[in-house]
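The following report describes a protein structure for a reader who will examine the coordinates directly. Please consult the sequence and the model alongside the text.

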Amino acid sequence: MLKKFLLGTTISIAILSSIGCANTTHHIHLDPSVELKSAQLTNSHQIRVKVTNYLDNNIGSIDTAMHEHADILISNEVAESIKSKVTEGLTELGYQLESGELPANLLSIDVTKLSYTTSTEVLKTIAKLQFNLKATLKSDNQTYSANYGSEVIDEYGSLPDQKDVEMALNKLAGQTVNRLLNDSNIRVLLK
């Protein structure tokens, strides 16, 4: 009876040990999910959007309490993805970016933070996701600057799969882009 118990315990420990040694890389395609209410906004000057990303493609890693590890890498151009979503959002709001007088209004956006960090407590892993943008809008003789940031805390027991991590990061980035597009000061200066 004791031999069966020891054999069962040994097998259980071996299985748990083999499960907890996973090393992988999550390749994330950043494509923020932007949700705006349609509006009938108009502009008198053309609008140019410029996005700069100062960050590395390695945005962090996941280390779970079960000794699983995943590096998180962004697989596409962050600046292009954000620019695409901002221009789509502005168009959805009613702006016609190529129409209007010159000089054009210039909306410059810097991606200042995109990170995924983890810590462990007993058997759970706590993930902190952060995404920050800095926008500067130059319109006529006026300049407006603002910072937009989003953060979310997530908890899990084992290593989340790539799809779940990608979905969480895209949702977070989308919330940040939404804040920028819904900023009443930007909307007023773009008219």
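A contact, as the word is used here, means heavy atoms within 4.5 Å. The structure is a predicted model, in which local features need pLDDT of at least 70 and side-chain atom pairs count only at pLDDT 80 or more, while totals for chains, interfaces and linings use all residues. Residues are numbered from 1 along each chain as its sequence is written, and side-chain values use heavy atoms, with hydrogens and water left out.

**Confidence and overall architecture**

The predictor's confidence in each residue is given as pLDDT, on a scale from 0 to 100. The protein has a mean pLDDT of 87, and 88% of its residues reach 70 or more. Confidence is lowest in helix 1 (residues 2–19), with a mean of 47, and highest in strand 2, with 96. Over residues 5–20 the pLDDT is below 50, and this stretch has five contacts in the model beyond near neighbours in sequence.

Helices (H or I, at least four residues) and strands (E, at least two) are DSSP runs, numbered from the N terminus. The protein contains four helices and seven strands, in the order α-β-β-β-β-α-β-β-β-α-α from the N terminus on. Among contacts with a separation of 6 or more, 78% join residues 24 or more positions apart.

Burial is assigned from relative accessible area: buried means under 20%, exposed over 50%, and partly exposed in between (1.4 Å probe, protein chains only). Of the 191 residues, 41% count as buried.

**Strand pairing**

Two strands pair if DSSP finds at least two bridges between them. Strand 2 (residues 45–53) and strand 5 (residues 101–121) run parallel and are joined by eight bridges; within this pairing, Asn-105 of strand 5 is the bridge partner of Ile-47. Strand 5 also pairs with strand 6 (residues 124–139), in the antiparallel sense and over 15 bridges. Thr-120 stands opposite Thr-125 of strand 6. The two strands form a hairpin with two residues between them, and Val-122 in the turn has a positive phi of about 50°.

The buried residues of helix 3 include Val-165, Leu-169, Leu-172 and Thr-176.

A nonpolar core is a set of buried Ala, Val, Leu, Ile, Met, Phe, Trp, Tyr and Cys residues joined through side-chain atoms within 4.5 Å. The largest such core has 47 residues, and Leu-90 and Tyr-116 have the most contacts inside it. Helix 3 supplies the largest share of this core, seven residues. Leaving aside neighbours within four places in sequence, Tyr-116 is in contact with residues including Ile-59, Ile-62, Ile-72, Leu-129, Tyr-156 and Pro-160, and also with Val-165 and Leu-169.

| Residue | Relative accessibility | Class |
|---|---|---|
| Arg-48 | 34% | partly exposed |
| Lys-85 | 16% | buried |
| Thr-176 | 0% | buried |

The contacts listed below do not count residues up to four places away in sequence. Arg-48 lies in strand 2 and touches Leu-97, Glu-98, Ala-104, Asn-105, Leu-106 and Leu-107. The C-alpha atoms of Arg-48 and Thr-87 are separated by 8.9 Å, although these residues are 39 residues apart along the chain.

Lys-85 belongs to helix 2 (residues 78–92) and touches Asp-31, Pro-32, Val-34 and Leu-181. A polar contact is a pair of N or O atoms within 3.5 Å; within protein, one must be able to donate a hydrogen and the other to accept it, and residues adjacent in sequence count only if both atoms are side-chain atoms. The side chains of Lys-85 and Asp-31 make such a contact, at 3.3 Å. The C-alpha atoms of Lys-85 and Pro-32, 53 residues apart along the chain, are separated by 7.1 Å.

Thr-176, in helix 3, touches Phe-131, Leu-133, Tyr-148, Gly-149 and Ser-150. A polar atom of the Thr-176 side chain lies 3.1 Å from the backbone oxygen of Leu-172.
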